[in-house]
Amino acid sequence: MTVGQRRPLVAGNWKMNGVRASAAELGKIVQGSDALPKVDLLICPPATLVMMFVSAAHGSRVAIGGQDCHAKPVGAFTGDISAEMLADAGASAVIVGHSERRTYHAETDSMVRAKALAAWRAGLTAIVCIGETKTQRTAGQTLDVLGAQLSGSLPGAALAGGLVIAYEPVWAIGTGLTPTPADVAKVHDFIRERLIKRFGATGEEIRVLYGGSVKPANARELLGVANVDGALVGGASLKVADFLGIAAAYR
């Protein structure tokens, strides 16, 4: 399978932002999506808005996902949300293993793997995040760190439609700093090789997104790199013009 056969995906992670009035912004994204037929679009709002956003985006080209899920389907886990609950609300995907979850909630690779399995159990696409810190990058450990995260965070078998990898260098998230296209190419080539080694031909079909200070000004350059199949967008996804501008790299 060639890169061109993997349909690109631009996903917006709204993090802890958004209230009911934010549906107006989603409406503008839905309107703009008609001009972007070559790319899949996904918005992952806070859990409080998932059901509302699913209703607002119904019948459009914009899918709605969750930002995290618990590994168990039910139980005494105050404050947590299961993958089944997200699916019941109409979500089609869920982000797992984001660096902010790994850092602030001490999530391990094995926990991320369990959440990915939970996503599949509920019929959701698991967007598994990996990435190195600035200290690890400076120490020349980037590929070692990513290799370990891939080994520990991914289930033993995969269906291409049920798994997306998002490479987000931690040092680039929200900082305005971005790796060079050559750096991104090196990492994404490495990820692709690992996916093929682990999953065989399926590894060629799994989409690998880049994330970390992606904006309209650099989107075309970054998303044009081989083995980059789209973007996981943070802060810029809260601004309609920026999010659609990034997706417009696939016009």
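Let's start in a loop. Asparagine 227 sits between helix H10 and strand S8 (230-233). Its phi is near 70°, a positive value in a residue other than glycine. Asparagine 227 counts as buried, at 12% relative accessibility. Buried here means under 20% relative accessible area, exposed means over 50%, and partly exposed is in between, with a 1.4 Å probe and protein chains only.

Some ground rules. This is a predicted model, where local features need pLDDT of at least 70, side-chain atom pairs count only at pLDDT 80 or more, and totals for chains, interfaces and linings use all residues. Residues are numbered from 1 along each chain as its sequence is written, and side-chain values use heavy atoms, with hydrogens and water left out. Helices (H or I, at least four residues) and strands (E, at least two) are DSSP runs, numbered from the N terminus.

Next, serine 213. It lies in the loop between strand S7 (207-210) and H10. Serine 213 also has a positive phi, about 60°, although it is not a glycine. Is serine 213 buried or exposed? Buried, with a relative accessible area of 15%.

Now H10 itself, residues 216-223. Its axis and that of H11 come within 8 Å and cross at roughly 20°. Axes are lines fitted to C-alpha atoms, for helices over the stretch in contact, and angles run from 0 to 180 degrees between N-to-C directions. H10 and H11 are therefore roughly parallel to each other. The cut-offs: under 35 degrees is roughly parallel, over 145 roughly antiparallel, 65 to 115 roughly perpendicular, and the rest oblique. The crossing of H10 and H11 is right-handed.

Which residues meet? Pro216, Ala219 and Leu223 in H10 meet Ala241, Asp242, Gly245 and Ile246 in H11. The residues of this contact divide into 5 nonpolar, 1 polar and 1 charged. Contact means heavy atoms within 4.5 Å. For the classes, Ala, Val, Leu, Ile, Met, Phe, Trp, Tyr, Cys and Pro count as nonpolar, Asp, Glu, Lys and Arg as charged, and the others, Gly among them, as polar.

H11, residues 240-247, has another partner: H1, residues 23-33. Those axes come within 10 Å and cross at roughly 30°. H1 and H11 are therefore roughly parallel too. H1 passes H11 in a right-handed crossing. From H1, Glu25, Lys28, Ile29, Gly32 and Ser33 meet Val240, Phe243 and Leu244 in H11. That contact divides into 4 nonpolar, 2 polar and 2 charged residues.

What else does H1 touch? Its buried residues pack against S2, helix H2 (50-56), strand S3 (62-66) and H11. Among those buried residues are Leu26, Ile29 and Val30.

Take isoleucine 29. At 1% relative accessibility, it counts as buried. Not counting residues up to four places away in sequence, isoleucine 29 touches Ile43, Val62, Ser237, Val240, Phe243 and Leu244.

S2 runs parallel to S1 (residues 9-13), and 5 bridges join them. Two strands pair if DSSP finds at least two bridges between them. Glycine 12 stands opposite isoleucine 43 in S2.

Last stop: glutamine 5, in the segment before S1. Glutamine 5 is exposed, with a relative accessible area of 53%. Its C-alpha is 8.2 Å from that of glutamate 205, 200 residues apart along the chain.

Notes: Left-handed = near helix turned anticlockwise from the far one by under 90°.
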